[in-house]
Amino acid sequence: VAAARLTKARAKATEESKALNGVRLSVAKHTGEEGKLFGSVTVREVADLLAEKGFLVDRRDIGVPDNIRTVGEYAVTVKLHHDVVAKLTLEVTAAE
């Protein structure tokens, strides 16, 4: 019974991973000189951006590079199952 449940959970996570892989998220933040952000982009903000696109993901399952504090593109991972990870791109731009 446990093996069947694990297989079902892995299959569901794999389907979600196919939908999430390659997704591009974009966030505009206030910046100072040289493209440095006032503050940083948090995991909670990434979770909110995913929710806007219809993906409900727990913020604890999202992996972002330490301290996103500059404008640019960043690789973000979402752990959907202990052996299924989706990779997406976060683009940080300067707000006008």
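Mentor: The largest nonpolar core has 20 residues, and Leu 50 and Leu 90 have the most contacts inside it. A nonpolar core here is a set of buried Ala, Val, Leu, Ile, Met, Phe, Trp, Tyr and Cys residues joined through side-chain atoms within 4.5 Å. Buried means under 20% relative accessible area, exposed means over 50%, and partly exposed is in between (1.4 Å probe, protein chains only). Keep in mind that this is a predicted model: local features need pLDDT of at least 70, side-chain atom pairs count only at pLDDT 80 or more, and totals for chains, interfaces and linings use all residues. Residues are numbered from 1 along each chain as its sequence is written, and side-chain values use heavy atoms, with hydrogens and water left out.

Trainee: Which residues does Leu 90 touch, not counting residues up to four places away in sequence?

Mentor: Contact means heavy atoms within 4.5 Å. With residues up to four places away in sequence left out, Leu 90 touches Leu 25, Val 27, Val 41, Val 46, Leu 49, Ile 68, Gly 72, Glu 73, Tyr 74 and Val 76.

Trainee: Where do the buried residues of helix 2 sit around its axis?

Mentor: The buried ones in helix 2 are Val 46, Ala 47, Leu 49 and Leu 50. The arc uses the directions from the helix axis to the C-beta atoms. These residues cover an arc of only 160°, so they sit on the same side of helix 2.

Trainee: What do those buried residues pack against?

Mentor: Quite a list! The buried residues of helix 2 pack against helix 1, strand 1, strand 2, strand 3 (62-63), strand 5 and strand 6.

Trainee: What is the order of the strands in the open sheet?

Mentor: Two strands pair if DSSP finds at least two bridges between them. Strand 1 and strand 3 are the edge strands, each pairing on one side only. Strand 1 and strand 6 run parallel, joined by six bridges, and Ala 28 stands opposite Thr 93 in strand 6. The sheet is open, has four strands with mixed pairing, and its order is 1-6-5-3.

Trainee: How many salt bridges does the structure hold?

Mentor: A salt bridge is a side-chain nitrogen of Lys or Arg within 4 Å of a carboxyl oxygen of Asp or Glu. One of them joins Asp 58 and Arg 60 at 2.6 Å, N to O. Asp 58 is partly exposed at 32% relative accessible area, while Arg 60 is exposed at 66%. In total, the structure holds seven.

Trainee: How many residues apart in sequence are the parts that Arg 10 and Asp 83 tie together?

Mentor: Arg 10 and Asp 83 form a salt bridge, with their closest N and O atoms 3.1 Å apart. Arg 10 lies in helix 1 (residues 2-20) and Asp 83 in the loop between strand 5 (72-81) and strand 6 (84-94), so the pair ties together parts whose separation in sequence is 73 residues.

Trainee: Which residues are linked with Arg 24 in a network of salt bridges?

Mentor: Start with the salt bridge between Glu 73 and Arg 24, 2.6 Å from N to O. Glu 73 lies in strand 5 and Arg 24 in strand 1 (residues 24-29), so this pair ties together parts 49 residues apart in sequence. Glu 73 is exposed at 51%, but Arg 24 is partly exposed at 43%. The network links Arg 24 with Glu 73 and Glu 91.

Trainee: Which side chain makes a polar contact with the side chain of His 81?

Mentor: His 81 lies in strand 5 and is buried, at 10% relative accessible area. A polar contact is a pair of N or O atoms within 3.5 Å; within protein, one must be able to donate a hydrogen and the other to accept it, and residues adjacent in sequence count only if both atoms are side-chain atoms. At 2.8 Å, the partner of His 81 is the side chain of Asp 83.

Terms used:
Helices (H or I, at least four residues) and strands (E, at least two) are DSSP runs, numbered from the N terminus.
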